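Here are my notes on this one, point by point. Have the coordinates open while you read.

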Amino acid sequence: MLKNVLRDILTPDKNREPEDWFECLILREEENRLRVVFPHVFFAAWFARHKRALFEEAVRRHFAGRPLPEIVYEQAFCKTGCGNPAEAAPPALPRFGGQAQGQTVCDGFRPSGPQTTEKQDFSTFICNGKNAFPLAVAREIAEKKAGEAYNPFLLCGRSGTGKTHLLQTLAAAFEQKTKPGRVICRSAARFCAENPQWLRCPEAFWRQCDVLLLDDMQDLIGQTLWQQKMIACMDACPGATAEPGRQMAFAFAGSAQALKALDERLRSRLESGLVVELMEPDLEVRLRYLQTLCRQRHLSFNREQLLFLAQRCAQFRLLQGLLLKVEAFAAMHGRPLTPADLENILRTGGAERPPGCREILTEVARGLNLRPEDILGAKRRPDLVLARQVAMYVCRQKLGLSYPELGRAFGGRDHSTVIHAIKKIKKLLISDKAVQRLVTELEIKTV
């Protein structure tokens, strides 16, 4: 009876069909209390963000002039094939509504962090050719129906490379195409810690979910029960069997080789899909990221100041923290920042001193069994020329120095010599595996 009344309030146009989310609710009237039962906790999270205020306003309108009952939100439990229902039922969710002010049931998907903008799509992901393939794959998954492309999909990479941002963007894309509450995007540990009944009845989960996106899969290392739960959940995924229409995507902080720390059965299931690795953003991408943050925050730092920050660290999150520190300093002193100001600010922590030309040159010399002074000299031996060109290329990539600055740093050479050296190494990176290996090792050593 109450549900019919609330349905009429929420859908005054009789020609329109009631919304799906309302039909999913189970309402139970008790003395001075209204129980609202959700099909699962993830629907509760979606409801708390998008429909709670609308629903409670309808309840207040219905009870206008009468005492408003306390609204208690609860989660249903699996009733079939899950053993003892009382054992399977999770703890009651926090109360909210009525005269009591409660809290959101759970976070669910909520874009957050420095890389999130009001427009949550793939255009907000800043990258160049180094990470073009992972971005293209994620975009293809988002454009197709759930389960049609690359299922499961695994993103690997060091912390701060943008894995969480890509997962959130995938979630936003699928939320626009699926029914409310059927897209789950959260940390793997939190997902496994909640609703333990799914370990015994994983099929019930996939009847309530279309898309599962889990971040920080490395947190499952050493957690045997949680890994067993993930294995059972993946095996029960309809997209992994015969029936299409379900999508799984995961993020793992570390290289693809680090997956060996997981249970072999879980690792094999993750590796059965498409595994891609996000590389750390190079100097060009870090600079563009800082410029984007400045536009969003209406900050007026010049390119040289942002380049100074971009040279200090290789992770997006650390760059955000550095910019925040510089922004606070500028606001406090109310004057343009000098290079000495920037150096003093960053010296207080949050960033390491970046490698300079000398450090990079030393690493090149060590890798090729040469002396740094010979590389800087005028000799034209082939091994010295190659070492000099590699050092110039790495300095350009890591430090963002101009061609004249590089020429001065390498013994007063003309900027045209530097341009030729960098073009030469770019060609060798395509055709010469030895040069590829050398440059890669140097980039890792000089982070």
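1. Where does Pro152 lie? Pro152 sits in the loop between α6 (132-143) and β4. As a reminder, most residues other than glycine have a negative phi, and most peptide bonds are trans.

2. A word on provenance. This is a predicted model, in which local features need pLDDT of at least 70 and side-chain atom pairs count only at pLDDT 80 or more, while totals for chains, interfaces and linings use all residues. Residues are numbered from 1 along each chain as its sequence is written, and side-chain values use heavy atoms, with hydrogens and water left out.

3. The overall tally. The chain has 21 helices and eight strands; these are DSSP runs numbered from the N terminus, with helices being H or I of at least four residues and strands being E of at least two. Of the 447 residues in the chain, 48% are buried (buried means under 20% relative accessible area, exposed over 50%, partly exposed in between, with a 1.4 Å probe and protein chains only). Taking contacts with a separation of 6 or more, 70% are between residues 24 or more positions apart (contact means heavy atoms within 4.5 Å).

4. The sheet. Five strands make an open sheet in the order β5-β6-β7-β4-β8, with parallel pairing (two strands pair if DSSP finds at least two bridges between them). The edges are β5 (183-187) and β8 (274-277), each of which pairs on one side only. From one strand to the next, the twist averages 10°.

5. Strand by strand. β5 and β6 run parallel and are joined by five bridges, and Arg186 stands opposite Leu214 in β6. Four bridges link β6 to β7, also in parallel, with Val211 opposite Gln247 in β7. At the β8 side, β4 (residues 153-157) is joined to β8 by four bridges, and Leu154 has Val275 as its bridge partner there.

6. Take a look at β6. Five of its five residues are buried. Both faces are covered: Val211, Leu213 and Asp215 are on one side, and Leu212 and Leu214 are on the other. In the loop between β6 and α10 comes Asp216, a residue other than glycine with a positive phi, near 55°. Asp216 has 26% relative accessibility, so it counts as partly exposed.

7. Helix α7 on the sheet. α7 (residues 163-175) lies across β4, β5, β6 (211-215) and β7 (247-253), and runs at about 165° to β7 (axes are lines fitted to C-alpha atoms, for helices over the stretch in contact, and angles run from 0 to 180 degrees between N-to-C directions). Thr164 is found in this helix and is partly exposed, at 24% relative accessible area. Leaving out residues up to four places away in sequence, Thr164 touches Asp215 and Arg317. Thr164 and Ala251 are 87 residues apart in sequence, yet 7.3 Å apart in space, C-alpha to C-alpha.

8. Two helix pairs worth checking. Helix α10 (residues 224-236) packs on helix α11 (residues 264-271) at an angle of about 40°, with axes 9 Å apart, which makes the two oblique (under 35 degrees counts as roughly parallel, over 145 as roughly antiparallel, 65 to 115 as roughly perpendicular and the rest as oblique). The contact of α10 with α11 has five nonpolar, two polar and three charged residues (Ala, Val, Leu, Ile, Met, Phe, Trp, Tyr, Cys and Pro count as nonpolar, Asp, Glu, Lys and Arg as charged, and the others, Gly among them, as polar). In the other pair, the axes of α1 (residues 2-10) and α4 (residues 52-62) come within 10 Å and cross at roughly 110°, so α1 and α4 are roughly perpendicular. The contact of α1 with α4 divides into nine nonpolar residues, one polar and one charged.

9. Last, the end of α16. Among the buried residues of α16 (residues 357-367) are Cys357, Ile360 and Leu361. Asn369 lies in the loop between α16 and α17 (372-376) and has a positive phi, near 60°. Asn369 is exposed, with a relative accessible area of 73%.
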